[in-house]
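Dear colleague,

Please find the structure below, handed over for your own work. My notes on it follow directly after it.

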Amino acid sequence: MAEQTSAKYKRILLKLSGEALMGELDFGIDPKVLDRMALEIAQLRGLGVQVGLVIGGGNLFRGKALSEAGLDRVAGDHMGMLATVMNALAMRDALERSNMPTRVMSAIPMSGVVDHYDRRSAIRALNQGDVVIFSAGTGNPFFTTDSAACLRGIEINADLVLKATNVDGVYTADPKKDPTAEKYDLLTYSEVLEKQLGVMDLTAIVLAQDHDMPLRVYNMNDTGVLGRLMTGGEHGTLIVSGDKA
Ligand SMILES: Nc1ncnc2c1ncn2[C@@H]1O[C@H](COP(=O)(O)OP(=O)(O)OP(=O)(O)O)[C@@H](O)[C@H]1O
Ligand SMILES: O=c1ccn([C@@H]2O[C@H](COP(=O)(O)O)[C@@H](O)[C@H]2O)c(=O)[nH]1
């Protein structure tokens, strides 16, 4: 039976930045950030919203940085994807401690550790109220977890892909480097592509554009925003097609 929801969205795909999981640390995972995110996700489940998660790996390894340090790029990307599985295991632990049944699926088979990704099983698990974490990105090198988030969001027919990051939305330039950068409330996919706005990788934007998947970028350090977004609040930046902007 379809779950009742008082929220604007029935099913979302939430992409959490790996880097933001570090919290105050220089590397790794800050358990306080995991616990806070688990509480926010519990709020969504309380509203009846089905939640798919993709977690980045930037707190541990990124293939590009490893290859710049001399490692083979594909080996580096494999390490990055494995990093996302570690983050997924840590997030599952935090979610289950908050009494939320959680499934971790991996695009790279990892028998005995997590389930192999299967779209139909994922949709069944979401319908029965489990949080589903899609780990190991797309399973292919040269991609990022932004693309994995859009891909899985489209596959599970999510109503919205949310990118939870450590800036307030999409700006005219990287706000960490340019203090004069200004934030957009609304953008079209074409504007993000034309202006090459770097908050999300452009492959992910093209995929979302091709499938008309709305995207929202917001700051995951703002407690309570996620719940408010589900009930029609406006935070961060919404990215949609020209006819909906
Ligand atoms: N135009 C822009 N608007 C906003 N942020 C931008 C822009 N250009 C670059 N950025 C940067 O993009 C970053 C996005 O960060 P995030 O950590 O989510 O990246 P990621 O690589 O997708 O995730 P991960 O940390 O998991 O690797 C922000 O921290 C910000 O500094
Ligand atoms: O589909 C994918 C997704 C990710 N990777 C590698 O993992 C790291 C971590 O992901 P982020 O999106 O940067 O957080 C990424 O840098 C890639 O090296 C991948 O190869 N394929």
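A crossing of two helices is called left-handed if the near helix is turned anticlockwise from the far one by less than a right angle, and right-handed if clockwise. Helices (H or I, at least four residues) and strands (E, at least two) are DSSP runs, numbered from the N terminus.

This is a predicted model, in which local features need pLDDT of at least 70 and side-chain atom pairs count only at pLDDT 80 or more, while totals for chains, interfaces and linings use all residues. Residues are numbered from 1 along each chain as its sequence is written, and chains are lettered from A and ligands numbered from 1 in the order in which they are written.

Helix pairs

On the side of helix 1 the contact involves L34, D35, A38 and I41, and on the side of helix 3 it involves A90, M91, A94 and L95. Two residues are in contact if their C-beta atoms, placed from the backbone, lie within 7 Å. By class, this contact has seven nonpolar residues, no polar ones and one charged. Here Ala, Val, Leu, Ile, Met, Phe, Trp, Tyr, Cys and Pro count as nonpolar, Asp, Glu, Lys and Arg as charged, and the others, Gly among them, as polar.

For helix 5 and helix 7, the axes come within 7 Å and cross at roughly 15 degrees. That angle makes helix 5 roughly parallel to helix 7, and the crossing is left-handed. Helix 5 contributes D146, S147, A149, C150, L151 and I154 to the contact, and helix 7 contributes T203, A204, L207 and A208. This contact divides into seven nonpolar, two polar and one charged residues.

Ligand surroundings

Ligand 1 is surrounded by 21 residues, the closest being G18, E19, G56, G58 and G198. A residue is near a molecule or strand if its C-beta atom, placed from the backbone, lies within 6 Å of it. The shell around ligand 1 has seven nonpolar, nine polar and five charged residues.

Around ligand 2 there are 22 residues, with G56, G57, G63, G80 and G137 the closest. Its shell divides into five nonpolar, 13 polar and four charged residues. Helix 2 (63-68), helix 3 and helix 5 (145-155) each supply at least two residues of this shell, and helix 3 gives the largest share, six residues.

Individual residues

A107 lies in the loop between strand 3 (102-106) and strand 4 (115-116). With 21 C-beta neighbours inside 10 Å, A107 counts as buried; a residue is buried if 20 or more other C-beta atoms lie within 10 Å of its own, exposed if 12 or fewer, and partly exposed in between, with C-beta atoms placed from the backbone. Not counting residues up to four places away in sequence, A107 touches Y117, A136, G137, T138 and G139.

A125, found in helix 4 (residues 119-127), is also buried, with 20 C-beta neighbours inside 10 Å. Leaving aside neighbours within four places in sequence, A125 is in contact with R103, D130 and V132.

Q43 lies in helix 1 and is partly exposed, with 15 other C-beta atoms within 10 Å. Beyond residues up to four places away in sequence, Q43 touches L226 and G227. The C-alpha atoms of Q43 and R228 are separated by 9.8 Å, although these residues are 185 residues apart along the chain.

N157, in the loop between helix 5 and strand 6 (160-165), has a positive phi of about 55 degrees although it is not a glycine. N157 is exposed, with 12 other C-beta atoms within 10 Å. D212, in the loop between helix 7 (202-210) and strand 8 (215-219), has a phi near 50 degrees, a positive value in a residue other than glycine. D212 likewise counts as exposed, with 12 C-beta neighbours inside 10 Å.

With kind regards

Notes
Axes fitted to C-alpha atoms, helices over the stretch in contact; angles between N-to-C directions. Parallel < 35°, antiparallel > 145°, perpendicular 65-115°, else oblique.
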